[in-house]
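Open the model in a viewer and keep the selection tool at hand. The stops below are meant to be taken in order.

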Amino acid sequence: MFDFGIVTNWINDLLVGCMPVWAATLIECVIIGVLILLAYTVLALFYILYERKLCAWFQCRLGPMRVGPWGLLQVFADMFKILIKELISLKGTDKFLFKLAPYIIITSSVVMLACLPWGRGLQIIDYNIGIFFILAVSSVGVLGILLAGWSSNNKYTLIGAMRSGAQMISYELSLGLALMSIVVLAGTMNINELVAQQERCWFIFQGWLPAVVAFVIYVIAATAETNRGPFDLPEAEHELTAGYHTEYSGIHFGFFYLAEYLNLFIVSGIASLMFLGGWMPFHIAGLDCFNMVMNWIPGPIWFLAKAFFISYVIIWFKWTFPRVRIDQMLALEWKYMMPFALVNLIVMAVFVAFGWTF
Amino acid sequence: MNLLLEISNGDLAVTATLTGIGLVFAALLIAKLISPKSYSVKKGETYECGIPTRGESMIQFKSGYYIFAILFLLFDVETVFLYPWATIMRSLGPSGLLCVAIFMFILILGLAYAWRKGALKWQ
């Protein structure tokens, strides 16, 4: 596997060689910022097209086809349109909180994006408590939604925000417990080490049944975490107009839209890193020739392909299952998924303690 | 294995945060520059669902969610406790596993109690 650390070290040496260290650090920080922005925008644009095309195909339509070849330029047109829309300032809103909410939501998703390694050495923030840090930052996003709902001076946004808050904090538990069973299996929280341990065999295969159960719990919880699919109650349009972002207009609304798609990528990326081996190729023990071929495919492509596959499954949920009711949703979490996740964690710990893992 | 070895993780986290703030700020600035501006009394009113709004919205309202919030607090702190254990589970061995199993049993008992009391029922 190619180590991107070589490239970054080379850039670092080059910069340090011709200027003082603080200036080099500053320039590197700016480069990192630009890279994050680029990744963020490209991913958001890609995901909007991805979702629109998939949703069209699930409904036997073609999706956007007019703007550009095969509708590829449609997303650019959409982004431009949303930029030139007027930002309406409403009376009766809490102006400060109203404007603060998009900052919180976007910032939390940008920080999470910066934590995901795309390949060997291709990572920005690398804490030794990586996965825990991501979970902590993801909880901050809830605040933005609650603020948006509260400050809008609108009953429906308030109800939508409350629903969203209850849903996101509830499903965060089973999400955390499902990821914890993988931490038990790996014995580390550092994402790079987690991925490195999957070189021989991905965690979903290494952990036998408990890992598969954890994966299923994770995918369901992640769907709810991103307010998507059958769990999109916060924006149930037939009862709440559009949920917590009803009163936002123009690019203000666009920020919520962006963050939603980026969160979809982030939860899929975490699933790809924790369960499906991240940027590690698919290996079958014994088949050396097959493994060699798999090693030819670069790491970032493996990571992105797995992430897009999980996103595909989550989008598939959305167009397949009818929306659940709020009491059904909370019952599903508290009466089924959480106890299941707890028991699953113990089973995983027993498996690891007795060495029954693959 | 950092992207750039000289910069600490804290600085990188700050960079990412500033990038997020910068993204929102820049997009808002562009939108302010190129979007039209007009004012009318009707436009400044809350949209809500299309018909005129009644009464105040920022009120104390009874939500059925606060019990879930309290339960969440309980189990989230538990998750925070369990993560360090999960990391060093292998070196703790069976005795650590037993301790955590007892801890979890008590927690599940708490959940069962809340369930029995009807806290998980939607009202």
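This is a predicted model: local features need pLDDT of at least 70, side-chain atom pairs count only at pLDDT 80 or more; totals for chains, interfaces and linings use all residues.

Residues are numbered from 1 along each chain as its sequence is written, while chains are lettered from A and ligands numbered from 1 in the order in which they are written.

**Stop 1: a helix of chain A**

Select residues 95–115 of chain A, helix α4. Helices here are DSSP runs (H or I, at least four residues), numbered from the N terminus. α4(A) has 21 residues and spans 32 Å from first C-alpha to last, close to the expected 30 Å (1.5 Å times one less than the number of residues). Of its 21 residues, 15 are buried; a residue is buried if 20 or more other C-beta atoms lie within 10 Å of its own, exposed if 12 or fewer, and partly exposed in between, with C-beta atoms placed from the backbone.

**Stop 2: its partner**

Residues in the contact (C-beta atoms within 7 Å) include A:Ile105 and A:Met112 of α4(A) and A:Phe255 and A:Leu262 of α11(A). By class, the contact has eleven nonpolar, three polar and no charged residues. Ala, Val, Leu, Ile, Met, Phe, Trp, Tyr, Cys and Pro count as nonpolar, Asp, Glu, Lys and Arg as charged, and the others, Gly among them, as polar.

**Stop 3: two loop residues**

Select A:Trp70, in the loop between α2 (21–58) and α3 (74–83) of chain A. Its phi is near 60°, a positive value in a residue other than glycine. Most residues other than glycine have a negative phi. Is A:Asn227 buried or exposed? A:Asn227, between α9 (208–225) and α10 (237–240) of chain A, has phi near 55° and is buried, with 24 other C-beta atoms within 10 Å. A:Trp70 is partly exposed, with 13.

**Stop 4: chain B**

Show both chains: 63 residues of chain B are in contact with 76 residues of chain A. α1(B) gives the largest share of chain B's side, 19 residues.

Note on methods. Two residues are in contact if their C-beta atoms, placed from the backbone, lie within 7 Å.
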